[in-house]
Amino acid sequence: MGTQGNGALLDVRGLAVSFDGRSGAPARALRGVDLGMAPGEIRGLVGESGSGKTVTSTCLMGLLPSPPARIDAGEILFKGRDLLGLSAEERRRVRGREIAMVFQEPSRYLNPAFKIGTQITEMLGLHLGMGKAEARAKAEELAGLVGLGGGRRVLASYPHELSGGMKQRAMIAMAISCNPSLLIADEPTTALDVTLQLQILRLILRLREGLGMGILFISHDLRLVRIVADTVSVIYAGRIVESAPREALFGSPLHPYTRLLLQSIPLANKRGSRLRAIPGRVPDAQAVPAGCAFHPRCPLAEERCSSEMPESTEHAAGHAADRHAADRHAVACHFVGKTWPD
Amino acid sequence: MRFLRFALKRLGRLLLTVLLISTIIFFVIRVIPGDPALVIAGVDASQEDIAAIRAKLGTDKPLVVQYGTWLAAVARFDFGKSLSTGQPVVRMIFERFPLTLALALLGLAISVALAIPLGIISAVRRWSAWDYLGMVFSQVGMAVPSFWLGILLLLLFAVKIRVFPLFGSGSFRHLVLPAVSLGFARAAVLLRLTRASMVEEMSREYIVTARAKGLPERMVKYRHALKNAMLPIVTMAGIQLGYMLGGAVIIEQVFSLPGLGRLFLTGVYQRDFPLVQGGIIFIALVFSLINFLVDILYSALNPKIRIG
Amino acid sequence: MAGLIDIRGLSKRHYQRGLLSRANGGVLAVDRVSFSIEKGSVFGLVGESGCGKTTLARALLFLDPPTSGEVSFDGTLLGGLSRGELRARRRRMQIVFQDPNSALDPKMRVRASVEEGLRNLRVPAVERARRVRELLELVGIPPEHAARYPHEFSGGQKQRIVVARALSMDPEFLVLDEPVSNLDVSIQAQIINLLLEIKERLALTYLFISHDLHLVAFLSDTIGVMYRGRLVEMAPTAEIMARPAHPYTLKLFASVPGVAEGAGKEEAAAAAGETGEPRPGHAPRGCPYFAGCPRGDAACTRDEPPLVDIGGGHMVSCIKETSSAVADFAQPIEGGKR
């Protein structure tokens, strides 16, 4: 697919972020995250609460509050440019225009005092310099694109006048208004009813088809990610533990956490059997275990795991050393291939 | 259409409030000791004179009857005649009203001009020099009694440095010092509210969205946050105006302004029933009207309220 | 068919604020729902927000008594009981809610929360302490931690404590309303396993409510589907997954890939298509799902479709599905008064 960095939409290398705690040790939210995306790729980022997925998305957007957050190391290469090296003003111009974000609860994340149409045209005027009439027409087009039937009526409404599903579509319309190359969707369907979930996921797929935008789909629910993602990265305690094409991850997961997670998810076809629960819980960012963060809960753990942090290594047959190869399967564990004690 | 229904509902509430207040006052003032007939008749009057005066006033009839008569009169906007001056109460009120209105508006203007910008800056630049200034100002403003401030201002600017007149009314300059005394204390409270309201709005999730849209920070603060933050501020400002219109009695005393406050105070001392009643109704009406306007303004600012 | 729990024609009306609401009838949150839960089984209730499943659970337990209809527990009608008798029955029916934070009093130590019910029964202190130990061990909380306060525990642990408290009354029937929705994925499995284990050990019967279709399908023996207060379909899990019949059920299942392999591809695709969202509140005449249904026609607007058995205990309320079934089996279930 090309040499490193060339043509890649996003290349996050070794991103480390910590938060100054008021009491005691700083919270190490991200401890060296590596993430890569090609243009038009839908990458799922899966993790539980406290794993660092939200910090990752916030950091990508450049919205981390600078104290108390601190970027300790790493680069965020977006279309070749390191975002972390940009000035605040340059970063702001990228935000919304080239990297946009959709949030979890549309009722909280939309400004209640402005009409939907205004919230969209505002961006068009600011980033693309559109005049009122042009912006209004574009807003109507966007409303149609996201499935908000009766565009004009919706645009003239206030957020509280719309249902949950419509609010979420409105937020998506806002986010894609300037045709960003990267859309970050942070749990976009979690607050919605089940029947709306699939509709929103289908919408996201359509956006990738129609507009060629890359989508970083963040979720705690592996079942949802499976519907929509091309590739999946699993994050645990601030590090990516496994990263693979979708079917490889679900079909042959290599990292113990991924395997256990998949076994612990309730599925209709597991009826009659017990779920495999992972003992213990996700470590607090202020007290991340040394070595491999997962070792206290891992059935494969050995002496080595409590002192040596495993690096991410490739495990796809016949691969190139290209970070962005679509079939790249990376795992950070000492014992890939070791037999399970079950 | 929804808006009209909303407005009418509020109007109905307004009238009900005024009626309730005036009824309460009617009975309360007749409970406090003191007989207007005695006041009018003077110390040496005979029993027959007093009885005659009572008959003329109608204070010898049963309370309920008096209430009925009075209520009927009020409906015709006839608040009766003052017991002390003999003039129609309505006329007395309206003679003094413009002064009080001017004072109140000026006081409000000063209050708003001081509090809101400072409050916003305090919120936006928390813990900065401006914020500390604001905090000090609000502490002082709330601690200092307005009459003390009034006297102080008089001493400084009317006696020591003769910039402003000492007493009386009739020109704008007469109003400046009283308005400042009045506005200062109100500003203190309004500032705190402004700061708190802005801080709260700035912590809401939609602000994150606004930033994520790449909006410049000033747009985020002064357009997105401020519009929502203004709601409680507007409400409070309206309430303050209502209070000031009621007649900032103490200030009027200090500055010898012939305003409504002094009028009613005198009326209470003299047990001038019609005056006091008329006055209370007037204040209640004005206050309710202000609240009504504030409600309307509030619903213009906050679309969610129109449904309710 | 008497189960541990028998519900017939249960309805619950909610009146909004204001004098006018009572005049126009308010909102029917639960509309003539009937079903039975067999002893030792898990009845799963699914539906989207506003469908009335939580209201139903509360009405069933008489926490918020039904407006009409009957609820029987172990053969006894709950409606006609005196307060004392009702309380006695209620002890045997407990509930676990979604949010452990609001379920536990933050000012009470954990042991106090768990033993509260026993205190009310005047159980002596020594016995209470023993019970609390036993219960905490059962749910996997170290008994040494009994003197701690809720905030010292994680979400998953708090939920375990809530379960322990529910079990303190020795119930036979447990209503679980979204018990794991607030928890992390890896913790969910722990709690689910716990629930399965205690069900076996203590011979419990569950009413399991959740929006997570996979989870409900995983746990339940029977599944009931609710839509706007009505029970539109009900069947043993394997049956409903293989042959979902009601259009709304199809739509639900189609929205969650992997749940029901039995739904036909075209059916599913049509059902999951973009449809307008109907307004809540006043139920129209005829089938309540008509507005969103791809198969609806004029016949559907005439009368409300009755819940009909189409074989093997599979109940559906859709005239398109049941017209042939009625001819064969002819067993419409009477819904009771509105």
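Predicted model: local features only at pLDDT ≥ 70, side-chain atom pairs only at ≥ 80, totals over all residues.
Residues are numbered from 1 along each chain as its sequence is written, while chains are lettered from A and ligands numbered from 1 in the order in which they are written.

**Helix pair in chain B**

- Helix 5 spans residues 89-124 of chain B, and helix 8 of chain B spans residues 172-202. Helices are DSSP runs of H or I with at least four residues, strands are runs of E with at least two, and both are numbered from the N terminus.
- The two pack at an angle of about 35°, with axes 6 Å apart (axes are lines fitted to C-alpha atoms over the stretch in contact; angles run from 0 to 180 degrees between N-to-C directions).
- Their contact has 22 nonpolar, 6 polar and 2 charged residues. Ala, Val, Leu, Ile, Met, Phe, Trp, Tyr, Cys and Pro count as nonpolar, Asp, Glu, Lys and Arg as charged, and the others, Gly among them, as polar.

**Sheet in chain A**

- An open sheet of 8 strands in chain A runs in the order 6-7-8-3-9-10-12-11, with mixed pairing (two strands pair if DSSP finds at least two bridges between them).
- Strand 6 (99-102) and strand 11 (313-314) of chain A are at the edges; each has a single partner strand, so one side of each lacks a neighbour in the sheet.
- Strand 3 (residues 42-46) and strand 9 (residues 231-236) of chain A run parallel, joined by 4 bridges.
- Val46(A) has Val234(A) of strand 9 as its bridge partner.

**Chain C and its side towards chain A**

- Chain C holds 13 helices and 13 strands.
- Of its 338 residues, 46% are buried (20 or more other C-beta atoms within 10 Å of the residue's own, with C-beta atoms placed from the backbone).
- In chain C, 31 residues are in contact with 29 residues of chain A (contact means C-beta atoms, placed from the backbone, within 7 Å).
- Helices 8 (185-202), 9 (213-219), 10 (237-242) and 11 (247-255) of chain C each supply at least two residues of this side.
- Helix 8 of chain C gives the most, with 8 residues.
- By class, this side of chain C has 15 nonpolar, 11 polar and 5 charged residues.
- Helix 11 of chain C is mostly covered, with 9 of its 9 residues buried. Among them are Tyr248(C), Lys251(C) and Phe253(C).

Key: Buried ≥ 20, exposed ≤ 12 C-beta atoms within 10 Å, placed from the backbone. Contact = placed C-beta atoms within 7 Å.
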